[in-house]
Amino acid sequence: MNFNSGSDILRTRDEFLGRRRQIYGEWENAIPEQCEELLKAWIQANVKDSLNISDRVYQYGRRAMVSKFWCQEIGRRWRQAGRQELPQARLLTEPRCQPYVGTWYLLYRWMIFLLWASFVICSVFEFGSYKPLQQYEKWLIYLTNWDLLLGFSQALIAGILVSRRWQLQKAAGFDSCGIRFEFTERLYWFLYVVTTNMAIGVTVVYWFAVYNPEIHQLDPLNFMMHVCNSVLMLVDLFVTSVPFRLRSFWWCLSVVMFYLIFSVIYYFAGGVDKYGYHYIYTVLDWTRPARTLLVCAGGLTFVTLLHCVTCMLAEIRNRIYRRITEKRSKPSAQITTNDQSQPERRTEMV
């Protein structure tokens, strides 16, 4: 309330005192029944309202405490996940169905490397394309080709690690749990998780947001770069024992963010795509920054959700192999118990 002069203050004071005299007069002149009604009205107007206010304060305070508790719990679990031990290095070099490296798995890993190498070679020299453009200098500007390089790198490191493990396990007294988790194992783990997410993401985004039948051809090279890469990583996911963790979602996000920054620099440098347009992809047209920023935000959200999906697929893989192992172990356990339960037969003396 604003008072312009001292007369306003005096007028307000007189009105307040007049109300108090009126209430006291009603109390003095009222009969006992009316006094009781006035007392109930006063209690309802003052005490009940204060109780309602205290209930609301309690409810809001309780909600704030619950929210604070959940924030603290999420923070505690996040810090606990950060203090988790690294996975055993042997998981990066052995198949999910065996605790050792067989010859078939060694050949399988080098076959995967040869497939990724063929993808890169065909992509660079446009083998399998109906209309090759032969603009080799622009090969590195596309995210699909970044994924091919990551897949080639992780397959090469995997072949080297598995070959070393195959040689080490031939020694007497070899213990796979004694393999150290060094820089090479860390790099392979990072590249494998990122390649798996990016391969699936490139396939989905290309066919739903980038593909234009007026520009792109449905040729063998297109299917190799935008279908076979994700199929290969999905098959490999269910063969290997490479662990996936939700906390590692920022690995793929960092690579995608780096590519987005590259696309901005390439745009301001005046770069064009293979067809002469002033953008790499139509969805990354920086001449329309508002729309492109929304696309980038949606893409980063999609990558995060995609990592959650791959973690779920890895968990499904683990459960499938765990159930297969349990089914295989049950018959042997039953045979052992039956042999123990049968009484020994006494040999008869002739």
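**Close-up views of a predicted helical model**

**View 1. How H3 and H4 pack.** H3 and H4 pack at an angle of about 155 degrees, and their axes are 9 Å apart. Here, axes are lines fitted to C-alpha atoms, for helices over the stretch in contact, and angles run from 0 to 180 degrees between N-to-C directions. Helices are DSSP runs (H or I, at least four residues), numbered from the N terminus, and strands are E runs of at least two.

Some notes for every view: this is a predicted model, where local features need pLDDT of at least 70 and side-chain atom pairs count only at pLDDT 80 or more, while totals for chains, interfaces and linings use all residues. Residues are numbered from 1 along each chain as its sequence is written, and side-chain values use heavy atoms, with hydrogens and water left out.

**View 2. Where H4 meets H6.** The axes of H4 and H6 cross at roughly 35 degrees and come within 11 Å. This crossing is left-handed too. On the H4 side, the contact (heavy atoms within 4.5 Å) involves Thr144, Asn145, Asp147, Leu148 and Gln154, and H6 brings Met225, His226, Asn229 and Met233.

View 3. Beyond its neighbours within four places in sequence, Tyr188 is in contact with residues including Leu92, Arg109, Gln154 and Val242.

**View 4. Ser263 in its helix.** Ser263 sits in helix H7. With a relative accessible area of 3%, Ser263 is buried (under 20%; exposed is over 50%, partly exposed in between, using a 1.4 Å probe and protein chains only). Neighbours within four places in sequence aside, Ser263 is in contact with Ile280, Leu284 and Trp286.

**View 5. Two annotated spans.** The unreviewed UniProt entry gives "transmembrane region" for stretches including 223-242 and 289-314; positions follow the numbering used here, feature names are shortened, and annotations may be inferred rather than shown by experiment. Residues 223-242 are 75% helix, with end C-alpha atoms 27 Å apart. Residues 289-314 are 100% helix, and their end C-alpha atoms lie 37 Å apart.

Key
Left-handed = near helix turned anticlockwise from the far one by under 90°.
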